Amino acid sequence: MELYFSPLACSMATRIALYEAGADAKFIEVDPKTKQVLADGADYFTVNPLGLVPAIRTADGAIVTENAAILQHVAEHVWNEKLSPDEQIKLRQWLSFIGTEIHRGLLAPLLDPKIPIEARKYLVTKGQSRLDYLNRYLEGREFVLERFSVADAYLATVLNWTRAIPEIDLANWPAVKSYHAAMKQRPSIAKALTEELALYQAEQARHKAA
Ligand SMILES: N[C@@H](CCC(=O)N[C@@H](CS)C(=O)NCC(=O)O)C(=O)O
C-alpha cells in the first residue's frame with residue numbers, strides 16, 4: 001500500500017493505523033503548498049483532483065481518497081478487523097463525527113491563517129457543543145470504541161492540532177485532554193508524531209527558504 005501524506009496533516013491517522021498493523025507501506029510526501037510529490041516533483045492533482053491528503057494506492061492499484069473511507073479500508077483489509085454490526089455502525093458514526101464536526105467543521109478552519117476574525121469567533125462558539133459532547137462521551141473511556149480502532153488514530157491526529165489553536169484549550173474538556181495525553185503515549189502514535197514533526201519542521205524551513 002502507498003500513502004500520500006503531508007506532515008502532521010489528517011493523513012497521519014492512516015500512518016498510525018498502518019504502524020498499528022506493522023504493515024509494509026510506502027509513505028509518499030506531498031508538499032501542501034505546491035501540491036507536488038516531494039521526492040520527484042510529480043503533480044499530486046493527478047492522484048487526488050482536490051489536492052487533499054490522504055490518498056492511498058491499495059494493493060490492487062486503486063486510489064482511495066477521504067479519511068473515513070481510507071481508515072475503514074485499512075481496518076478491514078490491513079488489520080483484517082472483524083467488527084460486529086453494532087461496532088461497525090459505531091465506527092462509521094464516530095469517523096463521520098470526527099471528520100465533519102471536529103476536523104473539517106472546527107479545527108481545520110481555525111488553522112487557516114486566512115479565516116476572517118468573525119468566522120473564527122463563530123466557529124469557536126459553535127465548536128463548544130461538539131467538544132462538550134465529545135468530553136461527555138470520553139468520560140471513563142479509554143478508546144472511542146471498546147478497544148483501539150482507526151477512530152482513535154483519527155481523533156488523536158486531529159486533537160494534536162489544538163496545540164496551535166489558542167482558543168481551544170483542552171484543559172476545558174478534561175476527559176478529552178486525558179484521552180489525548182494517553183493516546184500520545186501509544187507507541188504507534190508516538191512514533192508517527194516524532195517522525196512527522198521532523199518532516200513538518202523540514203517543510204516549514206523549505207517554505208521559508210522558497
Ligand atoms: N474530506 C477530506 C478532507 C481531507 C483534508 O482536509 N486534508 C487536508 C489536510 S488535513 C488537506 O489536504 N488540506 C490541503 C488543502 O486544503 O489544500 C478527507 O476526509 O479526507
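Reader: How many aromatic pairs does a search of the whole structure find?
Author: The search finds 8 aromatic pairs, where rings of Phe, Tyr and Trp (its six-membered ring) pair if their centres lie within 6.5 Å, with planes under 30 degrees apart counted as stacked, over 60 as edge-to-face and the rest as tilted. This is a predicted model, in which local features need pLDDT of at least 70 and side-chain atom pairs count only at pLDDT 80 or more, while totals for chains, interfaces and linings use all residues. Residues are numbered from 1 along each chain as its sequence is written, and side-chain values use heavy atoms, leaving out hydrogens and water.

Reader: What kind of pair do Tyr4 and Tyr44 form?
Author: Tyr4 and Tyr44 form a tilted pair, 5.5 Å centre to centre with 40° between the planes.

Reader: And are they buried or exposed?
Author: Both Tyr4 and Tyr44 are buried, a term that means under 20% relative accessible area, against over 50% for exposed and in between for partly exposed (1.4 Å probe, protein chains only).

Reader: What about Trp94 and Tyr133?
Author: Trp94 and Tyr133 are stacked, at 5.8 Å centre to centre and 15° between the planes. Trp94 is buried at a relative accessible area of 0%, whereas Tyr133 is partly exposed at 35%.
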